[in-house]
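Please consult the sequence and structure shown here alongside the text.

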Amino acid sequence: MADVAEEKRIVVAVDEGDESMYALTWCLKNFVSPNTENTLILLYVRPPPPVYTSLDGTGYLFAEDMMATMEKYSNDLAESVMERAKRIYQDFDNVKVEKKVGSGDARDVICEMVVKLGADVLVMGTHSYGFIKRALLGSVSDYCAKNAKCPVLIVKR
């Protein structure tokens with residue numbers, strides 16, 4: 001009887017912080033099984049582009065090049081995050097990697113993408129904010145743990 005490899009689709013939410021890279025490392029070392037076919041989906045969510053009127057606060061028109069510069073910065077940041085992640089996963093041969101970039105409120109985009117991508121599990125780091133910061137800023141990992149339509153593994157550093 002031949003062993004049938006079961007495919008696991010693991011979405012890992014990554015961002016600029018060290019916490020998400022730690023979660024990715026932890027996932028690869030402790031959660032990914034060498035006996036399964038693993039698809040690791042790296043998900044980076046860009047903040048939504050700022051909404052401006054055509055006039056700034058002083059009444060001057062925003063220049064096209066200013067908007068293009070902000071878009072380029074956002075793309076460069078996404079590429080930088082994916083490059084950092086690649087340095088972590090490149091030595092794991094049993095993992096197929098997909099990269100996805102979304103835009104919007106991270107909480108909503110992550111919860112929508114795990115459904116769209118057919119995730120078996122969502123892995124994410126946590127900033128470990130205290131009660132006050134979490135109340136003011138909101139916790140993406142807490143929101144996803146309560147609202148994602150798949151199991152959520154939160155890796156605390």
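## Overall architecture

The protein contains five helices and five strands, these being DSSP runs numbered from the N terminus (helices: H or I, at least four residues; strands: E, at least two). This is a predicted model, in which local features need pLDDT of at least 70 and side-chain atom pairs count only at pLDDT 80 or more, whereas totals for chains, interfaces and linings use all residues. Residues are numbered from 1 along each chain as its sequence is written, and side-chain values use heavy atoms, with hydrogens and water left out.

- Read from the N terminus, the order of elements is β-α-β-α-β-α-β-α-α-β.
- Of the 157 residues in the protein, 34% are buried (buried means under 20% relative accessible area, exposed over 50%, and partly exposed in between, with a 1.4 Å probe and protein chains only).
- The accessible surface of the protein is about 10000 Å², and carbon and sulfur atoms account for 53% of this area (Shrake-Rupley method with a 1.4 Å probe; for residues, only the protein chains shown count as cover).
- Among contacts in the protein with a separation of 6 or more, 79% join residues 24 or more positions apart (contact means heavy atoms within 4.5 Å).

## Helix α1

- Helix α1 spans residues 18–31, which is 14 residues, and extends 19 Å from its first C-alpha to its last, close to the 20 Å expected at 1.5 Å a residue (the expected span is 1.5 Å times one less than the number of residues).
- The buried residues of α1 are Ser-20, Met-21, Ala-23, Leu-24, Cys-27 and Leu-28. They lie on the same side of α1 because they cover an arc of only 155° around the axis (the arc is that of the directions from the helix axis to the C-beta atoms).
- An α-helix has 3.6 residues a turn, so residues three or four places apart point the same way.
- Exposed residues Lys-29 and Asn-30 are carried on the face of α1 turned away from its buried side.
- Ser-20, located in helix α1, has a relative accessibility of 3% and counts as buried. Beyond residues up to four places away in sequence, Ser-20 touches Ala-13, Val-14 and Asp-15.

## Nonpolar cores

- The largest nonpolar core has 21 residues, of which Ile-10, Val-12, Leu-40 and Leu-42 touch the most other members (a nonpolar core is a set of buried Ala, Val, Leu, Ile, Met, Phe, Trp, Tyr and Cys residues joined through side-chain atoms within 4.5 Å). Two or more residues of this core come from each of β1 (7–14), α1, β2 (37–46), α2 (64–89) and β4 (121–125).
- Apart from its neighbours within four places in sequence, Leu-42 contacts Val-12, Val-14, Leu-24, Met-82, Ala-85, Tyr-89, Val-97, Glu-98, Lys-99 and Lys-100.
- A second, separate core comprises 17 residues, including Met-113, Leu-117, Leu-122 and Met-124.

## Cysteines

- The structure has zero disulfides (a disulfide is a pair of cysteine sulfur atoms within 2.5 Å).
- Cys-150 is in no disulfide, and the nearest cysteine sulfur, that of Cys-111, is 8.4 Å away. Cys-150 is buried at a relative accessible area of 12%.
- Cys-27 is also buried, with a relative accessible area of 0%.

- Asn-38 belongs to strand β2 and is buried at 2% relative accessibility. Leaving out neighbours within four places in sequence, Asn-38 contacts Lys-8, Ile-10, Val-32, Ser-33, Asn-94, Val-95 and Lys-96.
- Ala-119, in the loop between α3 (106–116) and β4, is buried at 14% relative accessibility. Ala-119 touches Arg-9, Val-11, Val-114 and Cys-150, not counting residues up to four places away in sequence; its C-alpha is 9.8 Å from that of Val-12, 107 residues apart along the chain.
- Pro-48 occupies the loop between β2 and α2 and is partly exposed, at a relative accessible area of 48%. Pro-48 touches Ser-103, Gly-104 and Asp-105, not counting residues up to four places away in sequence; Pro-48 and Asp-105 are 57 residues apart in sequence and 6.8 Å apart from C-alpha to C-alpha.
- Lys-86 lies in helix α2 and is partly exposed, with a relative accessible area of 36%. The C-alpha atoms of Lys-86 and Val-97 are separated by 9.2 Å, the two residues being eleven residues apart along the chain.
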